[in-house]
Amino acid sequence: MSAIRYELIKQCKQSGARLGKLHTPHGIIETPIFMPVGTQATVKAMTPEELKEIGAQIILSNTYHLYLRPGERLVERAGGLHEFMNWDRPILTDSGGFQVFSLSDLRNITEEGVTFRSHLDGSKHFISPEKAIEIENALGADIIMAFDECTPYEADYEYTKNSMERTLRWAERCKSAHKKPDKQALFGIVQGGMFKDLREISAKETVKMDFPGYAVGGLSIGEPKDIMYQVLDWTVPFLPENKPRYLMGVGSPDALLEGVIRGIDMFDCVLPTRIARNGTVFTSKGKVVIKNAEHAEDFSPLDDECDCYTCKNYSRAYIRHLFKAKEILAARLATIHNLRFLLKLMEDIRRAIMEDSLLDFKEEFFKKYGYTQD
Ligand SMILES: CNc1nc2cc3c(=O)[nH]c(N)nc3c(CCc3ccccc3)c2[nH]1
């Protein structure tokens, strides 16, 4: 008995897109879904109530960060992540592999696991597949990711093949180490870099291990977008239709649409919250850098098609002023807007799939958004 159940509601007639419901111990998630990232047990600048207000159904957190600070045992003693961060809806945690590679400098990878230095204080640490699962079990997320190596984009065939094969062996070890499959759903992660045959082997071998859901890893790491889409075309067909598919690290509007069309159900990205704090916001007519002088006396909202709290109550001029004055409210208002923009885009996508008009919706969205302005 797995912790989650995926219900395929409708297969799009125009593309590989699907409408689904993911039943989890903390509630039902409608897919396709965008998942805000809350790396250190908080979606930066947002309260849980504000996240619910804008329609967030599931949030992500990070094993690597929470292990280093405050420690997974403290979170466990607090009653687990849901209690600790006052979030009673679903949570997904990544296994830490990716973060070790993108955050800590000194690191050594062996069959056993990864030795690395903490990006906080330089202290030495070791994480194995077993250790990663132990941490994720202690944190208590509804969906947990297997410990994998996100193969670097520029890796050659030989390295990518060895890395992918090790990730498969690690996946088996994660399955064996997982203590609570009835409470926490463990997803396998497909690797294989930019190579068709390696992606196919990784997908087939990972599916043989029968996980409740599958992630496509090793993407959104600097490769051109058309390569990412090509890798999806090579990989998704080998993933079972009755299980959710999660494309890791993807979240720009155009990539969300292209991923949905290729049969992806779940997405995450730090982009909307990160660029919000730097003063860049999504709008239906493309991205806007609010600090630019042109907005100084623009008393219209960020986006006149947006229904969010920020767009209903504040002007571009005011938000620009807050950024120029380095006011904390600036980051909050921009974050509310950017997250709502993507969550609403996913709502519109789900409606378009229901109405068999997804490709028409995509056409119209790109025309207005100005596709090239990704
Ligand atoms: C930005 N691009 C990006 N590509 C990724 C590839 C992988 C990958 O191949 N393996 C794993 N395990 N994670 C990846 C992530 C991190 C996603 C995440 C961040 C925060 C919280 C929860 C989840 C990625 N992120």
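## Backbone features in loops

Asp-210 is placed in the loop between α8 (196-208) and β12 (214-216); helices (H or I, at least four residues) and strands (E, at least two) are DSSP runs numbered from the N terminus. The phi angle of Asp-210 is near 55°, a positive value in a residue other than glycine. The model is predicted, so local features need pLDDT of at least 70 and side-chain atom pairs count only at pLDDT 80 or more, while totals for chains, interfaces and linings use all residues. Residues are numbered from 1 along each chain as its sequence is written, and side-chain values use heavy atoms, with hydrogens and water left out.

Two cis peptide bonds concern prolines in loops. Thr-31 and Pro-32 are joined by a cis peptide bond with omega of about 0°, and Pro-32 belongs to the loop between β3 (27-31) and β4 (33-36). The bond from Arg-69 to Pro-70 is also cis, with omega near 10°; Pro-70 sits in the loop between α2 (63-68) and α3 (72-77).

## Ligand surroundings

The ligand has 21 residues around it, of which Asp-94, Asp-148, Gly-218, Leu-219 and Ser-220 come nearest; a residue is near a molecule or strand if one of its heavy atoms lies within 4 Å of it.

Polar contacts are pairs of N or O atoms within 3.5 Å; within protein, one atom must be able to donate a hydrogen and the other to accept it, and residues adjacent in sequence count only if both atoms are side-chain atoms. An N or O atom in the side chain of Asp-148 is 2.7 Å from a nitrogen atom of the ligand. At Ser-220, a polar backbone atom is 2.9 Å from a ligand nitrogen atom. An oxygen atom of the ligand lies 2.9 Å from a polar side-chain atom of Gln-191.

Two packed helices are described by the angle between their axes and the distance between the axes. Axes are lines fitted to C-alpha atoms, for helices over the stretch in contact, and angles run from 0 to 180 degrees between N-to-C directions. Helix α9 (residues 225-235) and helix α10 (residues 253-261) have axes that come within 10 Å and cross at roughly 20°. This makes α9 roughly parallel to α10, given that angles under 35 degrees count as roughly parallel, over 145 as roughly antiparallel, 65 to 115 as roughly perpendicular and the rest as oblique. Lys-225, Met-228, Tyr-229 and Leu-232 of α9 meet Asp-254, Ala-255, Glu-258 and Gly-259 of α10, with contact meaning heavy atoms within 4.5 Å. By class, this contact has four nonpolar, one polar and three charged residues; Ala, Val, Leu, Ile, Met, Phe, Trp, Tyr, Cys and Pro count as nonpolar, Asp, Glu, Lys and Arg as charged, and the others, Gly among them, as polar.

The axes of α10 and helix α14 (residues 328-354) come within 11 Å and cross at roughly 30°; α10 and α14 are therefore roughly parallel to each other. Pro-253, Leu-256, Leu-257 and Val-260 in α10 face residues of α14 that include Phe-341, Leu-345 and Ile-349. The contact of α10 with α14 has 10 nonpolar, no polar and no charged residues.

## Packing of α13 with α14

Helix α13 (residues 316-324) packs with α14 at an angle of about 135°, and their axes are 7 Å apart. That angle makes α13 oblique to α14. In α13, Tyr-318, Ile-319, Leu-322 and Phe-323 meet Leu-329, Ala-330, Ala-331, Leu-333 and Ala-334 of α14. This contact has nine nonpolar, no polar and no charged residues.
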